[in-house]
Amino acid sequence: MRWFPRKKDLRAPRVSPRFLQVWRRNFLVWRKLVVPSMLGNFADPMMYMLGLGFGLGALLPEVNGTPYIVFLAAGTVAYSTMNSATFEALYSAFSRMHVQRTWEAIMNAPLDLDDIVLAEAVWAASKSLLSGSAILLIIWVLGLSHSPLTLWVLPVVFITGLCFGAMALVMNAVSPSYDFFLYYFTLVVTPMTLLCGVFFPVTQLPEALQWVSRLLPLSHAIALVRPLVKGEVPANIALHVAALAGFAAAGFYVSLVLTRRRLMT
């Protein structure tokens, strides 16, 4: 495998509506395994929210005037979205690309690699939308929020999933095996989970880490989700949406270049 992209690998993406056919193919396969897939995506964030929310929340005072379980629930929506999109764009996409060679088979049809990579990013976002929606449903059922503004969490979840799905596809493009993904979780996903305000306010961190946190995409997602769950309009909406869209666009382009280098050599 070449380590440096060729000039033709760097060309601008050329995508078409045909990527929807690849998305549909992934959906039809997922539909056959919908129950175990949904259980896997929902169980972990639910346990975090309910266990820590009620258990630890009973020992903690309010966080900035918000009950801890509400504070945690909003962070869990973003955290669950990140995890779901990341797992889909790493393990499932790697299986389709490298193990099952589904991507190579699809490219025998009138479809470009650009369409396949875009479809994988959008599919990861679609899967994460289910996960984020499940946590939002729990928030409604438990009566943690009654504001109609919480419905705006859904588009935020989708763009967050698109962001993290595209970022994970970069790692997918260079990974030689499933084991390689552990580096991404250890060096990227876990630090973001701890630094971006999922479990505690970012203001509790040292000033230097607060600045680092402001640059991370999960912080922008939480900055949008948490006020909406509380029934408030987020501040600096355009900034946070632009940041998530920028990470998504950059991740998609870099992953596309690296995937071209890997598969088109």
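**Entry 1**

I looked up Asp114 and found that, at 2% relative accessibility, Asp114 counts as buried. Buried here means under 20% relative accessible area, exposed over 50%, and partly exposed in between, with a 1.4 Å probe and protein chains only. I note that this is a predicted model, in which local features need pLDDT of at least 70 and side-chain atom pairs count only at pLDDT 80 or more, while totals for chains, interfaces and linings use all residues. Residues are numbered from 1 along each chain as its sequence is written, and side-chain values use heavy atoms, with hydrogens and water left out.

Next I checked what the side chain of Asp114 meets. It forms a salt bridge with Arg260, at 2.7 Å from N to O. Asp114 lies in helix H5 and Arg260 in helix H10 (residues 237-263), so this pair ties together parts that are 146 residues apart in sequence. Arg260 is buried too, with a relative accessible area of 3%. For the terms, a salt bridge is a side-chain nitrogen of Lys or Arg within 4 Å of a carboxyl oxygen of Asp or Glu. Helices are DSSP runs (H or I, at least four residues), numbered from the N terminus.

**Entry 2: Glu88**

I counted the salt bridges in the structure and got six. Two that I looked up involve Glu88. With Arg96, the closest N and O atoms are 3.0 Å apart. Glu88 is buried, with a relative accessible area of 7%, and Arg96 is buried at 10%.

The other partner is Lys127, with 2.8 Å from N to O. Why does this pair tie together parts that are 39 residues apart in sequence? Glu88 lies in helix H3 (residues 68-99), whereas Lys127 lies in helix H5 (residues 113-141). I also noted that both Glu88 and Lys127 are buried.

**Entry 3: Glu120 and the network**

Which residues do salt bridges with shared partners join into one network? I wrote down Glu88, Arg96, Glu120 and Lys127.

I then looked at Glu120 by itself. Glu120 lies in helix H5 and counts as buried at 2% relative accessibility. Leaving out residues up to four places away in sequence, Glu120 touches Asn26, Ala93, Arg96, Trp103 and Leu169. Contact means heavy atoms within 4.5 Å.

Last, I took one distance from Glu120. The C-alpha atoms of Glu120 and Ala242 are separated by 21 Å, and the two residues are 122 residues apart along the chain.

Notes
Helix = DSSP H or I, 4+ residues; strand = E, 2+ residues; numbered from the N terminus.
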